[in-house]
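The following paragraphs are intended for a reader who meets this structure for the first time. Please keep the sequence and the model in view while reading.

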Amino acid sequence: FFFCFFKKKKKKKKKKRKEKTAISSLFSTVTSLVLGLATTEMTDNTHYVLKTDYRADATENQSTAFFATGCFWGAEEVMWKTKGVVTTSVGYMGGTTDNPTYGDICTGKTGHAEAVKVVFDPAIVSYTDLLKVFWESHDPTQGNRQGNDRGTQYRSAIYATTPDQLTIALASKEVYEQALSSGKHARTSITTEIVNAPQYHYAEEGHQQYLSKPGSRQYCSAQPTGISIPDVSQWGLPSEIVDKYASKLGTNVPKSRCAGGSCSLK
């Protein structure tokens with residue numbers, strides 16, 4: 001009897017508390033949506049374009065690569081368009097905090113880069129093919145920015161998942177730097193960060209395959225140089241690595257829709 005009486009007495013106050021909590025929750029949700037800070041918990045991991053699981057890790061016959069070329073919306077798009085890519089996702093890498101949100105990395109205080117995870121079939125597409133897509137889809141000489149986007153999260157980076165990937169990536173940087181420095185299109189040194197892959201944190205669901213979704217803002221600030229990287233046979237690598245990672249796509253790789261000097265996609 002005392003318990004029921006107590007409940008009745010407290011009912012009105014409890015109702016007010018619930019209303020206050022609901023209003024606070026609604027405000028928090030709206031703020032998160034406006035700032036793009038929605039929860040990282042995902043209810044459906046189906047890739048919007050490839051229809052694979054974009055949270056899946058590579059199987060025994062697949063490989064994983066990580067790249068950063070500025071805003072990860074356009075960076076992911078050009079990778080999922082590459083033949084032999086099984087799935088892609090976007091996330092944050094190379095920072096100092098765990099489980100960062102988009103809001104966290106935009107402060108520039110966590111040190112994370114906006115990155116793309118690429119799971120691919122090496123029997124169809126070589127890691128060197130993916131590097132060709134990487135180098136030719138942005139300007140790797142711009143430091144902590146890409147076009148109009150400025151901040152550490154927009155830096156160029158390659159995060160290697162194997163010793164071979166690290167060796168090949170470093171060699172590709174040297175040869176592409178030579179290509180960029182020649183002729184009338186001479187540019188400054190490449191600033192791309194190339195290290196072993198740190199922890200990958202999946203970005204919020206709203207960022208996954210963003211450019212393919214109805215109503216998305218067709219934005220990309222990447223600045224492709226228009227200069228192609230030489231064939232892998234000219235990267236100064238040992239013959240056994242050249243043979244193992246020889247290009248399978250040749251020049252038949254997708255080009256980024258990002259146009260130099262423009263933020264609107266073609």
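This is a predicted model: local features need pLDDT of at least 70, side-chain atom pairs count only at pLDDT 80 or more; totals for chains, interfaces and linings use all residues.

**A guided reading of the chain**

The side chain of serine 137 comes to 3.1 Å from the backbone oxygen of phenylalanine 134. Serine 137 belongs to the loop between H4 and strand S4 (145-146). Is this residue buried or exposed? Its relative accessibility is 5%, and because buried means under 20%, serine 137 counts as buried. Leaving aside residues up to four places away in sequence, serine 137 touches Thr69, Val78, Ala222, Pro224 and Ser256.

From this single residue the view may now widen to the whole chain. Its secondary structure consists of 6 helices and 8 strands. Along the sequence these elements follow the pattern α-β-α-β-α-β-α-β-β-β-α-β-β-α. The chain has 266 residues, and 44% of them count as buried. Among contacts with a separation of 6 or more, 80% are between residues 24 or more positions apart.

The interior comes next. In soluble globular proteins, nonpolar side chains tend to be buried together. In this chain the largest nonpolar core holds 48 residues, and Phe67, Met79, Tyr127, Leu130, Leu131, Ile158 and Trp235 are those that touch the most other members. Elements giving two or more residues to this core include strand S1 (63-69), helix H2 (72-80), strand S2 (85-93), helix H3 (102-106), strand S3 (113-120), helix H4 (127-136), helix H5 (163-181) and helix H6 (239-244). Which of the elements gives the most to this core? The answer is H5, with 7 residues.

Not counting residues up to four places away in sequence, phenylalanine 67 touches Met79, Glu114, Ala115, Val116, Val118, Tyr127, Leu130, Leu131, Phe134, Ala157 and Ile158.

The buried residues of H5 include Gln165, Ile168, Ala169, Ala171, Ser172, Val175, Tyr176, Ala179 and Leu180. An α-helix has 3.6 residues a turn, so residues three or four places apart point the same way. The buried residues of H5 pack against S1, H4, strand S6 (156-160), strand S7 (193-196) and H6.

Two loop residues complete the tour. Most residues other than glycine have a negative phi. Lysine 51, although not a glycine, has a positive phi of about 65°. This lysine 51 is found in the loop between helix H1 (2-35) and S1. Its relative accessibility is 58%, so lysine 51 counts as exposed. Asparagine 99 likewise is a residue other than glycine with a positive phi, near 50°. The loop between S2 and H3 holds asparagine 99. With a relative accessible area of 63%, asparagine 99 is exposed, whereas serine 137, with which the reading began, is buried.

Definitions and conventions. Residues are numbered from 1 along each chain as its sequence is written. Side-chain values use heavy atoms; hydrogens and water are left out. Helices (H or I, at least four residues) and strands (E, at least two) are DSSP runs, numbered from the N terminus. Buried means under 20% relative accessible area, exposed over 50%, partly exposed in between (1.4 Å probe, protein chains only). Contact means heavy atoms within 4.5 Å. A nonpolar core is a set of buried Ala, Val, Leu, Ile, Met, Phe, Trp, Tyr and Cys residues joined through side-chain atoms within 4.5 Å. A polar contact is a pair of N or O atoms within 3.5 Å; within protein, one must be able to donate a hydrogen and the other to accept it, and residues adjacent in sequence count only if both atoms are side-chain atoms.
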